[in-house]
Amino acid sequence: MQILVLYYSRSGNTKKLAQAIAQGVETVDGAKAVLKSTAEVSKEDFQNAKGIIAGSPVYFGVMAADLKRVFDEFVSLRKKMEGKVGAAFATSGDPTGGKETTMFSIIQAMMIYGMVIVGDPMSATGHYGTACEGEPDEKARENGAKLGARVAEIAGKLGQ
Ligand SMILES: Cc1cc2nc3c(=O)[nH]c(=O)nc-3n(C[C@H](O)[C@H](O)[C@H](O)COP(=O)(O)O)c2cc1C
């Protein structure tokens, strides 16, 4: 079972969080993380995944244009994505820089793709996904790994 961990990252913060999330995915039996940037991802990656965890730096309070471009360009896959698991992550420059609105911008796109949205588990923050300011510290990486594991576990149970 593949879980796509998709990210856009210009200066590396979001990529580091994506890597921690991918490690969490791989802790679940039978789950394989496919870690791809927005420049690398293909329509096959979307179709082959049982879940997608997508992340972006906060750009003006929403996802970066390059991640939105992927959702825009892959719109023909919408019906094929219905019922798959979706989750979001973000990194910001400021402590209150718009991490949650950015995760919601990703979640909105996923909902319109018909995906089943999950947040991070209670053992992490029990909120909308994984987010941090700047480079992820150990706690943020740990929380990211928990999000990855949760998405893989739920995708396995849904059996889409
Ligand atoms: C065009 C642009 C817009 C940004 N807008 C915000 C913002 O609204 N709020 C914020 O906290 N940080 C903002 N930032 C900072 C980035 O979100 C932050 O540095 C992020 O961790 C960068 O991620 P990356 O290293 O993966 O590229 C912005 C950065 C750029 C380049």
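Colleague: In which loop does Val-62 lie?

Modeller: In this predicted model, Val-62 is partly exposed, with a relative accessible area of 39%. Leaving out residues up to four places away in sequence, Val-62 touches Pro-57, Thr-102 and Ser-105. Its place in the chain is the loop between β3 and α3.

Colleague: How far apart are the C-alpha atoms of Val-62 and Leu-147?

Modeller: Leu-147 is one of the buried residues of α6, whereas Val-62 is partly exposed. Along the chain the two are 85 residues apart. Their C-alpha atoms are separated by 20 Å.

Colleague: Is Phe-60 buried or exposed?

Modeller: Phe-60 also belongs to the loop between β3 and α3. Its phi is near 55°, a positive value in a residue other than glycine. The relative accessible area of Phe-60 is 88%, and the cut-off for the exposed class is over 50%. Phe-60 is therefore exposed.

Colleague: Which residues of the shell around the ligand are the closest?

Modeller: The shell holds 16 residues. By class, they divide into 4 nonpolar, 10 polar and 2 charged. The closest are Ser-9, Ser-11, Thr-14, Val-58 and Thr-91.

Colleague: Which elements give two or more residues to the shell around the ligand?

Modeller: Thr-14, one of the closest residues to the ligand, is among the buried residues of α1. Thr-91, likewise listed with the closest, falls within the range of β4, residues 85-92. The elements with two or more residues in the shell are α1 and β4.

Colleague: What distance separates the end C-alpha atoms of α1?

Modeller: Helix α1 has 13 residues, so at 1.5 Å a residue it should span 18 Å. The value found in the model agrees with this expectation. The end C-alpha atoms are 19 Å apart.

Colleague: Which elements cover the buried residues of α1?

Modeller: The buried residues of α1 are Thr-14, Leu-17, Ala-18, Ala-20, Ile-21, Ala-22, Gly-24 and Val-25. Val-25, for example, touches residues including Gly-148, Ala-149 and Ala-152, which are buried residues of α6. The cover includes β1, β2, β3, β4, β6 and α6.

Colleague: How far apart are the C-alpha atoms of Val-25 and Lys-146?

Modeller: Val-25 lies in helix α1 and counts as buried because its relative accessibility is 0%. Lys-146 falls within α6, residues 138-158, and is 121 residues from Val-25 along the chain.

Colleague: Which residue caps the N-terminal end of α6?

Modeller: Helix α6 has 21 residues and reaches 30 Å from its first C-alpha to its last, close to the 30 Å expected. Just after α6, Gly-159 takes a positive phi of about 60°. At the N-terminal end, a side-chain oxygen lies 3.2 Å from the backbone nitrogen of Lys-139, and the residue that supplies this oxygen is Asp-137.

Colleague: What is the C-alpha distance between Ser-56 and Ser-92?

Modeller: Ser-56 is found in strand β3 and counts as buried because its relative accessibility is 0%. Beyond its neighbours within four places in sequence, Ser-56 is in contact with residues including Thr-14, Phe-89, Ala-90 and Thr-91. Ser-92 is 36 residues from Ser-56 in sequence, and the C-alpha distance is 8.9 Å.

How values were computed: Residues are numbered from 1 along each chain as its sequence is written. This is a predicted model: local features need pLDDT of at least 70, side-chain atom pairs count only at pLDDT 80 or more; totals for chains, interfaces and linings use all residues. Side-chain values use heavy atoms; hydrogens and water are left out. Helices (H or I, at least four residues) and strands (E, at least two) are DSSP runs, numbered from the N terminus. The expected span of a helix is 1.5 Å times one less than its number of residues. Buried means under 20% relative accessible area, exposed over 50%, partly exposed in between (1.4 Å probe, protein chains only). Contact means heavy atoms within 4.5 Å. A polar contact is a pair of N or O atoms within 3.5 Å; within protein, one must be able to donate a hydrogen and the other to accept it, and residues adjacent in sequence count only if both atoms are side-chain atoms. A residue is near a molecule or strand if one of its heavy atoms lies within 4 Å of it. Ala, Val, Leu, Ile, Met, Phe, Trp, Tyr, Cys and Pro count as nonpolar, Asp, Glu, Lys and Arg as charged, and the others, Gly among them, as polar.
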